[in-house]
Amino acid sequence: MNNTEYIPIAALNQYAYCPHRCWRMFCADEFIDNQYTIEGTSLHERVHTLSDGNREDTWQIRAIYLKSEKYQLIGKSDLIELENGEWYPIEYKRGRKGEWENDELQVCAQALCLEEMTGKPVTTGYIYYAQSHQRQLVEISEELRHSAIATIKLVKNLLETGIMPIATYSKRCQGCSFYNQCLPQLPEKVRRYQEEI
């Protein structure tokens, strides 16, 4: 498994967005920038300065590693808060809320790690969207937990086998930095061309 027995938490987000993209990033070790990835990297460079401190009654710690032995997960958090004995993971994203649950899966994976590390249940988390300057509540429900655990298994299988998933075109492809490399519309265009001959 990709030089480590642990699954990067970020791989769950990428897999839920597009398995082919996840394969390129975590199996083929490829990465291509576009305007969206550069904006995201810039945001995380500001956020990922290790620090801790109080903000009113809330203790905040930034850029610490989270780990789960049970789920074989590891990753760096953007922000963890402790308020009234409750732990909350907060994931920073560059844009605004999307139509898919990939960001929520990443927050849930962080919650699973926090639960194991603190011995306390984590029932909520947040996604901070930089474009709107708003936090979105993420309920760490049983349904989201099951979805995250299922995605962990899929990512683990991908990393262990290294088998490349086929690139499938969807609306998500439009902003993807790998679009020109995976050409997800090519198979359909070739099929139509062959039918016309």
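Where is the place of I149? I149 sits in helix α5, residues 142-161. This is a predicted model, in which local features need pLDDT of at least 70, side-chain atom pairs count only at pLDDT 80 or more, and totals for chains, interfaces and linings use all residues. Residues are numbered from 1 along each chain as its sequence is written, and side-chain values use heavy atoms, with hydrogens and water left out.

The protein has seven helices and nine strands. Helices (H or I, at least four residues) and strands (E, at least two) are DSSP runs, numbered from the N terminus. Of the 197 residues in the protein, 43% are buried. Buried means under 20% relative accessible area, exposed means over 50%, and partly exposed is in between (1.4 Å probe, protein chains only). Among the contacts with a separation of 6 or more, 61% join residues 24 or more positions apart. Contact means heavy atoms within 4.5 Å.

**I149 and its neighbours**

- I149 counts as partly exposed, because its relative accessibility is 22%.
- Leaving aside residues up to four places away in sequence, I149 touches Y71 and L112.
- I149 and L112 are 37 residues apart along the chain, and their C-alpha atoms are separated by 9.5 Å.

**α4 with α5**

- Helices α4 and α5 pack at an angle of about 90°, and their axes are 9 Å apart.
- Axes are lines fitted to C-alpha atoms, for helices over the stretch in contact, and angles run from 0 to 180 degrees between N-to-C directions.
- α4 and α5 are therefore roughly perpendicular to each other.
- Angles under 35 degrees count as roughly parallel, over 145 as roughly antiparallel, 65 to 115 as roughly perpendicular and the rest as oblique.
- On the α4 side, E104, L105, C108, L112 and E115 take part; they meet L144, R145, S147, A148, I149, T151 and I152 in α5.
- This contact of α4 with α5 has seven nonpolar, two polar and three charged residues.
- Here Ala, Val, Leu, Ile, Met, Phe, Trp, Tyr, Cys and Pro count as nonpolar, Asp, Glu, Lys and Arg as charged, and the others, Gly among them, as polar.

**α1 with α4**

- Helix α1 covers residues 9-17 and helix α4 covers residues 102-118. They pack at an angle of about 155°, with axes 8 Å apart.
- That angle makes α1 roughly antiparallel to α4.
- The crossing of α1 past α4 is right-handed. A crossing is left-handed if the near helix is turned anticlockwise from the far one by less than a right angle, and right-handed if clockwise.
- From α1, the residues I9, A10, L12, N13, A16 and Y17 meet N102, D103, L105, Q106, A109, Q110 and C113 in α4.
- The residues of the contact of α1 with α4 divide into eight nonpolar, four polar and one charged.

**α1 with α2**

- Helix α2 spans residues 19-26. α1 and α2 pack at an angle of about 140°, with their axes 5 Å apart.
- α1 and α2 are therefore oblique to each other.
- A10, A11, Q14, Y15 and Y17 of α1 make the contact with P19, R21, C22, M25 and F26 of α2.
- By class, the contact of α1 with α2 has eight nonpolar, one polar and one charged residues.
- Seven of the eight residues of α2 are buried, so α2 is largely enclosed by the rest of the structure.
- The buried residues in α2 are H20, R21, C22, W23, R24, M25 and F26.

**Aromatic pairs**

- A pair of aromatic rings is described by the distance of the centres and the angle of the planes.
- The structure holds three aromatic pairs. Rings of Phe, Tyr and Trp (its six-membered ring) pair if their centres lie within 6.5 Å; planes under 30 degrees apart count as stacked, over 60 as edge-to-face and the rest as tilted.
- One of the pairs is Y92 with Y128, which is tilted: 4.8 Å centre to centre, with 45° between the planes.
- Y92 lies in strand β7 (residues 86-93) and Y128 in strand β8 (residues 124-129), so the pair ties together parts that are 36 residues apart in sequence.
- Y92 and Y128 are both buried.

**Positive phi**

- Most residues other than glycine have a negative phi.
- D29 has a positive phi, near 55°. D29 lies in the loop between α2 and α3 (35-47). D29 is exposed, with a relative accessible area of 69%.
- A63 also has a positive phi, near 60°. A63 lies in the loop between β3 (58-62) and β4 (65-68). A63 is buried, with a relative accessible area of 9%.
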